[in-house]
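Look at the sequence and the model together before reading on.

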Amino acid sequence: MKNFICMLVFVSILAISNANADNPVDKVNCMSGHISHMLVPTYPTVHLPSSALRFYPNRDGAEKQVIKNFPLSYPAHRNKGVFRFSPFSNNATQAPINYYFDNEKVMPYKYQVFLDDHATNMFFTPTANGGIFKLKFENNAKNGFFLNANNGELSIDKNGAITGFDIFGKRNETKQQYPVKVFIYMTANKNLVSDVVKVSTGSSIKLTLAKDENEVEISFALSYISQEQAKTNFDKQLANKNFKDVEKLAKRSWNKTLGQIKIEGGTPEQQKMFYTSLYRCYERMVNFTEDNKYYSGYDNKIHTENSFTYYTDDWAWDTYRNLHPLMTILRPSMQLDRVRSYIAMGEQAGVMPTFPQIYGDMHAMNGNHYASIIWDSYCKNITDFDLKKAYQLCKKTILEMTMIPWLKMPKTQLDDFYHKNGFFPALKDGEDEPLKFISKFEKRQAVTVTLAQSYDDWCMAQMAKTLGLEDDYNFFIKRAFNYRNLFNKRTGFFAPKNDKGEWIEPFDTKLGGSIGARAYFAENNAWTYIWDVSHNHQDLINLFGSKQAYEKRLDQLFVESLGIIRWKWNAVMPDSTGMVGQFVMGNEPSLHIPYLYNYIGKPWKTQKLIRRLIDLWFRTDYMGMPGDEDGGSMSSFYVFSAMGFYPVTPGLPMYVIGSPVFKEVKINVENGKEFKIKANNYSNKNKYIQSARLNGKSFNRTWIKHSEIMQGGTLEFDMGLRPNKKWGTSAESIPPSFQMKN
């Protein structure tokens, strides 16, 4: 009997374990990072993976006690929403309503909250283009909801459905941005009394339940195409479905997506952080295709009969580093459509976008990193697109448009100077800017622009070489070395020069260059950007003079003081959060830096450092994100690093090895193959690689090819408490720079 009971307990535990393995969405904490360290928090987004409909309450962070309203969707990441949904009790007279709330619970597939003053339980679950609200009122008199179109028009049709539109964005001729109409079709499962409410702008409708009703489900679908398409989306996704039906489908979608990677081992917190991060990787780019049609803000037209799925909403300065490379592994077919979408946007606008949105190019930050997204995909065998057309659009944009940060316009005298001299000229800190079209806040970012364009030109050279364009290859490969023009061998930093080619002195490597060091850099200082030669780390070592000098500066990065008291630092360098010495865990240009020890034959230092950094800064609590998440970049860093490798150089079909967090990781590659990362003698303390095998054969490299992952197999590590300082130190172990074949 005792043995029988033990067996039952074992079977029960096994069943629970298997259930958890099959439901990775249950390990997601949507509230992770919803209180920002300094700038913008994450958002608890309820949606399907990469879908156009994104829902979360309108508030300024988890610490705020008040929800302003519930926008039905956010067409662009971290922008304002469209339509405002506002439940009420006891006959409220107008919306929006500020809600005090309690018992809020957010899952990727469902949102629920209790609205205190209105004694209302509200639930929401999404479809690809819409969703269902469920309201349960605890009061029994005059309960209902408002729907506001802030900048549009709403009406009730003959069948009692709400129809109409809201407008997102404003026309901007300079940036080729167009206001976007978002159409709605909404119905309820109960008869409602409707009133059109007068508001100062837009349109508002009030709907009230019958006196004896206290529960209602409200279903809606949105469209960026037309009113008719909104109804079609509704019929396909919501007709004859109730809340439970839609919730079940949404949960299934998330489990399928997150379950592509299965993990074993690690702490419960590490498992939650992994799946929370993977969930955030599917918030962008967004599928705006509806029945093979899509609206484009690049030419303000509806495009029909397309051969690809249209995606937009991307911040290339952030996502080229790791989010796009992650999708080349997990979803190459989707990544192909994203590349095709970039090309389509470029064709429609005449130039390539940098921060593509539904309304057109937001055009932010610096660099032309669409070149990286395209080339990184191509070099990893995602090739079913017109590379020549993509290259021509990239070339035209790089050579004819300005490189000045945050500015979309034809090239200027600064660009002509760059094309001739190979660096962007800077002004002395505090010197008046003579070119009035340059942002007084963002400034020239002269060193960063030079470094970014050097990398982008390397990507261009690889495309030109593949296309057999020898003259173009020679042109761009020469420019790929332009970073050398700003390396000051005396100080060992990349530093600004004026238009006479003179070093700007004095030059403060920590605080020089105004807020966020923007006169010379972008959001970070010289200590961060010294490592920003993504395509040629070996040449950077040569510029330092030796591996020893390179290692010494890299060691110093993580212990160098701020130089001033922290509150003053935060005032001058607000984007530099998650500080470890002068290393900035909370900003994208730093993410590859911990992996650079591999390039000098000291991989054990990377193994130690990467595990320390992710333990320090990545958690699932409210402040568990070290900086701006930026729609997938920080999360992709964690996903890669926890698995044990990272794309240090997008555009080379390989990944640099760190230290695996889990005992085992299984990646179900889209082609049906399975790639495993196993960590024998695993524990949180055993972070050091003693030896390794790939498919049973000895493996001494500190990097792995993309093709080796995609063809399936097993990468097996033997882990230990102390570093094996001999593993990964030979010349062939060093990750390649500049060029390689997949």
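Predicted model: local features only at pLDDT ≥ 70, side-chain atom pairs only at ≥ 80, totals over all residues.

Residues are numbered from 1 along each chain as its sequence is written, and side-chain values use heavy atoms, with hydrogens and water left out.

Begin with helix α9, which covers residues 387–400. Helices here are DSSP runs of H or I with at least four residues, strands are runs of E with at least two, and both are numbered from the N terminus. The expected span of a helix is 1.5 Å times one less than its number of residues. For the 14 residues of α9 this gives 20 Å, and the end C-alpha atoms are 20 Å apart, which agrees.

Which residues of α9 are buried? They are L387, A390, Y391, L393, C394, T397 and I398. Buried means under 20% relative accessible area, exposed means over 50%, and partly exposed lies in between, using a 1.4 Å probe and protein chains only. Seen down the axis, the buried residues of α9 fall within an arc of 165°, so they line one face of the helix. The arc is taken from the directions that run from the helix axis to the C-beta atoms. An α-helix has 3.6 residues a turn, so residues three or four places apart point the same way.

What covers this face includes α7, α8, α10, α11 and α12. Take α11 (446–466) as one of these. Its axis is 10 Å from that of α9, and the two helices pack at an angle of about 145°. Axes are lines fitted to C-alpha atoms, for helices over the stretch in contact, and angles run from 0 to 180 degrees between N-to-C directions. Contact means heavy atoms within 4.5 Å. On the α9 side, L387, Y391, C394, K395 and I398 meet Q453, D457, M460, M463, A464 and T466 in α11.

Now consider the backbone. Most residues other than glycine have a negative phi, and most peptide bonds are trans. The bond between R284 and M285 is cis, with omega about -10°, and M285 sits in the loop between α4 and β16. From E505 to P506 the peptide bond is also cis, with omega near -5°. N300 has a positive phi near 60°; it lies in the loop between β17 and β18 and is partly exposed at 37% relative accessibility. K443, in the loop between α10 and α11, has a phi near 60° as well.

Finally, look at the loop between α17 and α18, where both M623 and D630 are found. Is D630 buried or exposed? D630 is buried, with a relative accessible area of 8%. Its side chain joins that of R78 in a polar contact of 3.0 Å; such a contact is a pair of N or O atoms within 3.5 Å, where within protein one must be able to donate a hydrogen and the other to accept it, and residues adjacent in sequence count only if both atoms are side-chain atoms. M623 is partly exposed at 34%. M623 and T42 are 581 residues apart in sequence, and their C-alpha atoms are 9.5 Å apart in space.
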